[in-house]
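Hi,

Here is the structure I said I would pass on.

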Amino acid sequence: MRKDGLRVSDLDGRDHCIAPEALTVTADPAAALSGADIVLVTVKSGATEDMAALIAAHARPDAMVVSLQNGVGNAERLRAGLGQRRVFAGMVPFNVIQSPGGELPLRVHRASEGKVMIEAAATGLVDLLDVDGFAVTTHGDMKAVQWGKLLMNLNNALVALSGLPLATELADRRRRLILAGQVEEALVAMKASGIEPARIAGLRPAPLPKVLRLPDWLFKVLARRMLAIDPEARSSMWDDLQHGRPTEIGDLQGAIMGLANKMGTPAPLIEQVTALVRRAEEEKHGSPGLTPDAIMRAKAAQSR
């Protein structure tokens, strides 16, 4: 990026190249954080505590910290490590992909639609962050938003296990049936605990399993917003498996399993999907390329 700059594009046709001299790029946390008014935390959930420690050590006491991470507990983890600093929960609804290695300048591409949401107490912050191509708004109940996003993120593991692009995977009813089963288990656990997830991608959570189970032709009509995705977009969990990194399965499916165990509700499909991702993590061969039948056979074998 210091040498070639950065290319930023999106699904709506924006395509901008940012010159190297317009960027300040560093791997030194002290240099990056010491003068920052706003710190956007975008690391994976497993690195949240480490990031909190870096912010505590190097950022100004009055810097505003925004968690733009998957999962439902990262803002609390940041607050636990940052004491009296201002920490705001946020949610990013869209998928972002990077250019493959070797393409210069490095390209980041927003591959689906949606507005970033930040808790309502951050009104002035939203005015600063809301720019062309990066729409930001506030929401009065970020917990509901995060649980709603978690329902959609249950598909990350299925993309990782299949190796297919997100749009291809969602267009296949056999694969949506597995997602529908996971969402159903999650909704039962949430209802038992009094959690009401917010609407995400234009769909109310309660009928989502029924929508996912529709025939392909009807799903394409009723779920156009879910399918408005770049044809090459995959999940970050797929990318983690491809590069031999730990995934966020413990903060996505794991959050539902923890809730289900607490409330005494069954979640066998979520448990099996988690086990399959864990196995792929251990084997470090990338995506296992599982078919829907292979995932369901694994679930059936586990239940015997």
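Which strands does helix α3 lie across? Helix α3, residues 74-82, lies across β3, β4 (64-67), β5 and β8, and runs at about 160° to β5. Before you go further, keep in mind that this is a predicted model.

**The five-stranded sheet**

The strands under that helix belong to an open sheet, and its order is β3-β4-β5-β8-β9, with mixed pairing. At the edges you'll find β3 (38-41) and β9 (136-139), each of which pairs on one side only. On average, neighbouring strands here are turned by 30° against each other, ignoring direction. Gly90 stands opposite Ile118 of β8.

**The four-stranded sheet**

There is also an open sheet of four strands, again with mixed pairing, in the order β2-β1-β7-β6. Its edges are β2 (15-18) and β6; each has a single partner strand, so one side of each has no neighbour in the sheet. The twist from one strand to the next averages 20°.

Strand β1 (residues 6-10) runs parallel to β7 (residues 106-110), and five bridges join the two. Arg7 has Arg107 as its bridge partner in β7, and Asp10 stands opposite Arg110 in β7. Strand β6 (residues 96-98), on the other hand, runs antiparallel to β7, with three bridges between them.

**Asp230**

Is Asp230 buried or exposed? Its relative accessibility is 15%, and because the cut-off for buried is under 20%, Asp230 counts as buried. You'll find Asp230 in the loop between α9 (216-222) and α10. Leaving out residues up to four places away in sequence, Asp230 touches Leu11, Ile97, His109 and Ala111. Asp230 and Glu113 are 117 residues apart in sequence, yet their C-alpha atoms are 9.9 Å apart in space.

As background, nonpolar side chains in soluble globular proteins tend to be buried together. In this model the largest nonpolar core has 53 residues, and the ones with the most contacts inside it are Val183, Leu212, Met226, Ile256 and Ile295. Several helices give two or more residues to this core, among them α5 (142-162), α7 (173-193), α11 (253-263) and α12 (268-283). The biggest contribution comes from α5, with nine residues. A second, separate core has 21 residues, including Val65, Met142, Val145 and Ile200.

Apart from its neighbours within four places in sequence, Leu212 is in contact with Arg176, Leu179, Ala180, Val183, Phe219 and Met226.

**How two of the helices pack**

Last item: α5 and α12 pack at an angle of about 45°, and their axes are 10 Å apart. That angle makes α5 oblique to α12. The crossing of α5 past α12 is left-handed. Which residues make the contact? From α5 they are Ala157, Leu158 and Leu161, and from α12 they are Val273, Leu276 and Val277.

Cheers

Conventions:
Residues numbered from 1 in each chain as written. Predicted model: local features only at pLDDT ≥ 70, side-chain atom pairs only at ≥ 80, totals over all residues. Heavy atoms only, no water. Core = buried A, V, L, I, M, F, W, Y, C linked by side-chain atoms within 4.5 Å. Buried < 20%, exposed > 50% of the residue type's maximum accessible area, 1.4 Å probe, protein only. Contact = heavy atoms within 4.5 Å. Pairing = 2+ DSSP bridges. Axes fitted to C-alpha atoms, helices over the stretch in contact; angles between N-to-C directions. Parallel < 35°, antiparallel > 145°, perpendicular 65-115°, else oblique. Left-handed = near helix turned anticlockwise from the far one by under 90°.
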